[in-house]
Amino acid sequence: MIHLQNIEKVYRTSTIETLALNNINLDIKKGEFVSIMGPSGCGKSTLLNVMGLLDEPSKGTVQLDGQPVTKYTDKELAKLRNQKIGFIFQSFHLINDLTVLDNVEIPLLYRSTNGKPRQEYAKEALAKVGLSNRMKHFPKQLSGGQKQRVAIARAIVGNPDIILADEPTGNLDSAMGNEIMTILQDLNNEGATIVMVTHDEQMAKRTHRLIRLFDGTQVL
Ligand SMILES: Nc1ncnc2c1ncn2[C@@H]1O[C@H](COP(=O)(O)OP(=O)(O)OP(=O)(O)O)[C@@H](O)[C@H]1O
């Protein structure tokens, strides 16, 4: 499903060059639930962003469903991302002055889905995460766990094959974190391929496979 070959990522600023990823070779199979762990700054988010076509590698090739995307234009990448990938972030990334329902509809706006079906899909996604009773709320009226459930609904509304989650439980207490993990496991059982960055060994244990990074290199 996701195939990374000889991936290197170098960040250059005027004063410093950082080798964030060093010769990463990785295969994520359809239906897998994989976690990525490692110390701060070891390249976890960079790896997730490369897999999610948000960040271009300095070297190496990325294949998604057998399609080599390295030569794709930004527009082609954006389209592929919108169709195939749902993102979840530690700090939720919701738009504060939109309702919960409007937030969840956002990925469908980019696909020009019409108003009525768009709302129906968003309602279905919210029902899946148990938030049908909060559709008209605004993000600031929700708890952290509820905000993350909205973010998950937004990630799954377009029925993506792949969910990429960057520390989805990082801002939550353990009870809420466990709830979010259960939702992710349910989505995985329904067929979604999931890659999750986490600092939490307990969360990692609930996934199929653990990848450990150290200084940009895969050590497990
Ligand atoms: N846009 C950027 N410009 C320059 N350097 C960057 C940039 N993004 C990340 N880096 C550097 O690349 C390295 C890897 O960063 P990354 O965010 O992938 O690490 P991480 O493992 O996700 O860290 P954390 O657990 O703290 O979130 C770090 O040394 C970081 O400073």
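## Close-up views of a predicted model

**View 1. Strand 7 meets strand 8.** Strand 7 and strand 8 run parallel and are joined by five bridges. Here, helices (H or I, at least four residues) and strands (E, at least two) are DSSP runs, numbered from the N terminus, and two strands pair if DSSP finds at least two bridges between them. Look for Ala-165, whose bridge partner in strand 8 is Met-196. A quick word on what you're looking at: this is a predicted model, so local features need pLDDT of at least 70 and side-chain atom pairs count only at pLDDT 80 or more, while totals for chains, interfaces and linings use all residues. Residues are numbered from 1 along each chain as its sequence is written.

View 2. Six strands make an open sheet in the order 6-7-8-3-9-10, and the pairing is mixed. Which strands stand at the edges? They are strand 6 (85–89) and strand 10 (217–218); each has a single partner strand, so one side of each is left without a neighbour in the sheet. As background, strands of a sheet pair through backbone hydrogen bonds, either parallel or antiparallel.

**View 3. Strand 3 and its two partners.** Strand 3 (residues 33–37) pairs with strand 8 (residues 193–197) in the parallel sense, over four bridges. On that side, Val-34 has Val-195 of strand 8 as its bridge partner. Strand 3 is also joined to strand 9 by four bridges, and these two run parallel as well. There, Met-37 stands opposite Arg-212 in strand 9. Four of the five residues of strand 3 are buried, so this strand is largely enclosed by the rest of the structure. (A residue is buried if 20 or more other C-beta atoms lie within 10 Å of its own, exposed if 12 or fewer, and partly exposed in between; C-beta atoms are placed from the backbone.)

View 4. Follow Ile-194 and you'll find it touching Phe-33, Ile-163, Ala-165, Leu-184, Leu-187 and Asn-188, leaving out residues up to four places away in sequence. (Two residues are in contact if their C-beta atoms, placed from the backbone, lie within 7 Å.)

**View 5. Helices against the sheet.** Helix 6 (residues 174–189) lies across strand 3, strand 7 and strand 8, and runs at about 150 degrees to strand 8. (Axes are lines fitted to C-alpha atoms, for helices over the stretch in contact, and angles run from 0 to 180 degrees between N-to-C directions.) Met-176 is found in helix 6. Is Met-176 buried or partly exposed? With 18 C-beta neighbours inside 10 Å, Met-176 counts as partly exposed. Leaving aside neighbours within four places in sequence, Met-176 is in contact with Gly-144 and Gly-145.

**View 6. The largest nonpolar core.** This core has 58 residues, and Val-104, Ala-153, Ile-163, Leu-164 and Ile-194 touch the most other members. Helix 5 (residues 144–156) gives the largest share, six residues. (A nonpolar core is a set of buried Ala, Val, Leu, Ile, Met, Phe, Trp, Tyr and Cys residues joined through C-beta atoms within 7 Å.) In soluble globular proteins, nonpolar side chains tend to be buried together.

**View 7. Around the ligand.** The residues here include Tyr-11, Thr-13, Gly-38, Cys-42, Lys-44 and Thr-46. (A residue is near a molecule or strand if its C-beta atom, placed from the backbone, lies within 6 Å of it.) Helix 1 gives the most to this shell, with three residues. The shell divides into three nonpolar, eight polar and one charged. (Ala, Val, Leu, Ile, Met, Phe, Trp, Tyr, Cys and Pro count as nonpolar, Asp, Glu, Lys and Arg as charged, and the others, Gly among them, as polar.)

**View 8. Two loop residues with positive phi.** Leu-53 lies in the loop between helix 1 and strand 4 (59–64). Leu-53 isn't a glycine, yet its phi is positive, about 60 degrees. Leu-53 is buried, with 20 other C-beta atoms within 10 Å. Asp-215 sits in the loop between strand 9 (209–214) and strand 10, and its phi is near 50 degrees. Asp-215 is partly exposed, with 14 other C-beta atoms within 10 Å.
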